[in-house]
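Visitor: I am new to this structure and would like to learn how to read its features. Please show it to me, and we can go through them one by one.

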Amino acid sequence: MDPLPLLLRPRARPALPLRDGVPRVAPPRRTWRRAAASGGGARRRLTSVAAVAADTPRAEEAPSPSPSGEERFDWLDQWYPVAPVCDLDPSSPHGKTVLGLRIVAWFDRTTGGDGAGEWRVFDDACPHRLAPLSEGRVDDKGRLQCVYHGWCFDGRGSCQFIPQAPALGPPVHKNSKACVASYPCVVQNNILWFYPRSEPEHSDVLRRKRPPFIPEIDDPSFVTVYGVRDLPYGYDVLVENLMDPAHVPYAHKGLMRIRKKEDPGRVEFDKEGGGPIKMMIEEANIEGFRSPQERGYFKFVAPCTFYGSPLRTETEDDEGKKKKKQPTVMLVFLCIPVAPGRSRLVWAFPRNVGVWLDKIIPRWYYHIGQNSILDSDIYLLHIEERNFAAVGLDNWEKACYVPTSSDNMIISFRNWFRKYCKHQVGWATPMVNQLPPTPTKDQLMESARAAAPL
């Protein structure tokens with residue numbers, strides 16, 4: 001595969017979120033006042049289907065999990081991307097849904113070293129009447145103001161002003177009920193991340209763990225193209241699709257240039273240029289896995305980060321020092337669970353080749369190509385997700401025939417999702433495990449394109 005077209009376009013294709021046919025509701029997890037994103041009761045909300053292709057032979061055997069998964073993946077003890085900072089206007093609040101949790105990101109210009117300011121992430125609900133704070137504004141004092149009745153909050157979530165409260169009356173704004181939940185957040189690799197627990201004991205979570213770090217993005221010799229897109233299919237469908245390079249010449253025909261692979265003995269070829277893809281799986285555990293390939297490598301860092309290079313392997317010399325820098329194109333995909341049947345993709349493509357192109361090509365031009373790729377299989381994945389829902393959560397290995405090495409990353413992801421997650425995303429809020437209704441193809445494409453900002 002020629003890597004330069006990947007700069008201009010990411011991929012998106014199938015995976016599988018499914019229901020077992022019986023809608024279920026997660027038990028309540030936090031107080032209704034939205035005071036905290038607790039990690040307690042409602043962690044394991046169903047959403048996607050996953051599976052294990054244990055009965056299917058394949059060229060490269062991926063590690064197979066033990067039948068009794070003692071470890072469980074803690075979805076609430078992870079960092080989640082909100083958006084690239086370049087897509088966030090610091091003068092306005094921005095509403096997002098992540099892990100079923102409605103949040104608002106806003107820039108607090110009153111804090112930070114030398115008055116530089118910091119991004120904040122709150123619950124997207126004013127404690128007064130639960131109006132969305134994302135519809136509000138940042139006032140002239142740098143506070144987040146609710147657009148409904150004008151209540152104002154500082155960067156800690158403390159209420160600073162209630163216009164309706166008499167100045168000489170009781171200080172009702174100091175009541176704990178007037179506060180809004182604030183989540184730990186950090187800007188790393190020019191992307192805003194947040195941690196979905198707001199209790200005081202999690203305020204210093206950065207000392208214990210940080211989001212996955214991609215050094216090439218911060219390397220001054222690289223330039224990086226960023227993008228974000230909401231998609232009408234679930235998290236596991238998104239992840240599985242990105243791990244499937246074999247679909248590219250077919251689902252994205254004419255959009256990406258494919259280099260035909262050597263296959264001794266082959267007498268039949270198609271115009272699309274598909275062929276064998278040799279993959280190995282290493283280091284598979286609850287934290288993800290790594291896949292060395294014929295040219296390049298990819299790595300899955302659970303639950304969101306999938307990155308690698310189609311051009312080179314991770315090489316270091318005997319002293320552990322990096323070898324002389326080579327031409328490098330990195331593909332970094334951040335896969336965000338939004339709700340059943342909905343996900344969000346954030347991508348960053350750092351490269352140290354063709355750096356000068358970044359000075360003459362506007363960002364919107366890259367987005368045309370990237371969104372064309374996503375559009376080309378969006379309906380396919382939306383319908384495939386529902387086909388798997390009809391099959392049932394535990395029947396992926398029976399319904400799917402995956403005999404070749406090109407499916408090894410998919411199989412490994414399904415193994416991870418089954419063993420450590422029981423085929424379920426651990427939603428942060430009570431969630432009905434049902435896919436949204438299926439619109440017509442035209443309706444779906446129209447709504448999907450509306451969610452594709454240039």
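This is a predicted model: local features need pLDDT of at least 70, side-chain atom pairs count only at pLDDT 80 or more; totals for chains, interfaces and linings use all residues.

Visitor: Is Tyr365 buried, partly exposed or exposed?

Guide: Buried means under 20% relative accessible area, exposed means over 50%, and partly exposed is in between (1.4 Å probe, protein chains only). Tyr365, with a relative accessible area of 43%, is partly exposed.

Visitor: Which strands form the open sheet, and in what order?

Guide: Two strands pair if DSSP finds at least two bridges between them. Here 4 strands form an open sheet in the order β2-β3-β4-β9, with antiparallel pairing. At the edges stand β2 (94-98) and β9, each with a single partner strand, so one side of each has no neighbour in the sheet.

Visitor: How many bridges join β4 to its partners?

Guide: Strand β3 (residues 101-108) pairs with β4 over 6 bridges, in the antiparallel sense. Within that pairing, Trp106 stands opposite Arg120 in β4, and Ile103 stands opposite Asp123 in β4. On β9 (residues 182-183), 2 bridges join the strand to β4, again antiparallel; Phe122 has Ser182 as its bridge partner there. Strand β4 (residues 118-123) has 5 of its 6 residues buried, so the rest of the structure largely encloses it.

Visitor: How many salt bridges does the structure hold?

Guide: A salt bridge is a side-chain nitrogen of Lys or Arg within 4 Å of a carboxyl oxygen of Asp or Glu. The structure holds 15 salt bridges. One of them joins the side chains of Arg102 and Asp124 (3.8 Å, N to O). Arg102 lies in strand β3 and Asp124 in the loop between β4 and β5, so this pair ties together parts 22 residues apart in sequence. Arg102 is partly exposed, at 43% relative accessible area, whereas Asp124 is buried, at 5%.

Visitor: Which parts does the salt bridge of Arg229 and Asp375 tie together?

Guide: The side chains of Arg229 and Asp375 meet at 2.7 Å, N to O. Arg229 belongs to strand β12 (residues 223-231) and Asp375 to helix α5, so the pair links parts that are 146 residues apart in sequence. Arg229 counts as buried at 1% relative accessibility, and Asp375 counts as buried at 16%.

Visitor: With which residue does Asp230 form a salt bridge?

Guide: Asp230 forms a salt bridge with Arg344, the closest N and O atoms being 2.7 Å apart. Asp230 lies in strand β12 and Arg344 in strand β18 (residues 342-351), so the pair ties together parts 114 residues apart in sequence.

Visitor: How many disulfides are there?

Guide: A disulfide is a covalent bond between the sulfur atoms of two cysteines. The rule used here asks for a pair of cysteine sulfur atoms within 2.5 Å, and the count comes to 0 disulfides. Cys159 is in no disulfide, and the nearest cysteine sulfur, that of Cys179, is 7.4 Å away. For Cys335, the closest cysteine sulfur is in Cys304, 7.3 Å away and too far for a bond.

Visitor: Where does the backbone have a cis peptide bond or a positive phi?

Guide: Most residues other than glycine have a negative phi, and most peptide bonds are trans. The peptide bond from Ala302 to Pro303 is cis, with omega near 0°. Asn189 is not a glycine, yet has a positive phi of about 55°.

Key: Residues are numbered from 1 along each chain as its sequence is written. Side-chain values use heavy atoms; hydrogens and water are left out.
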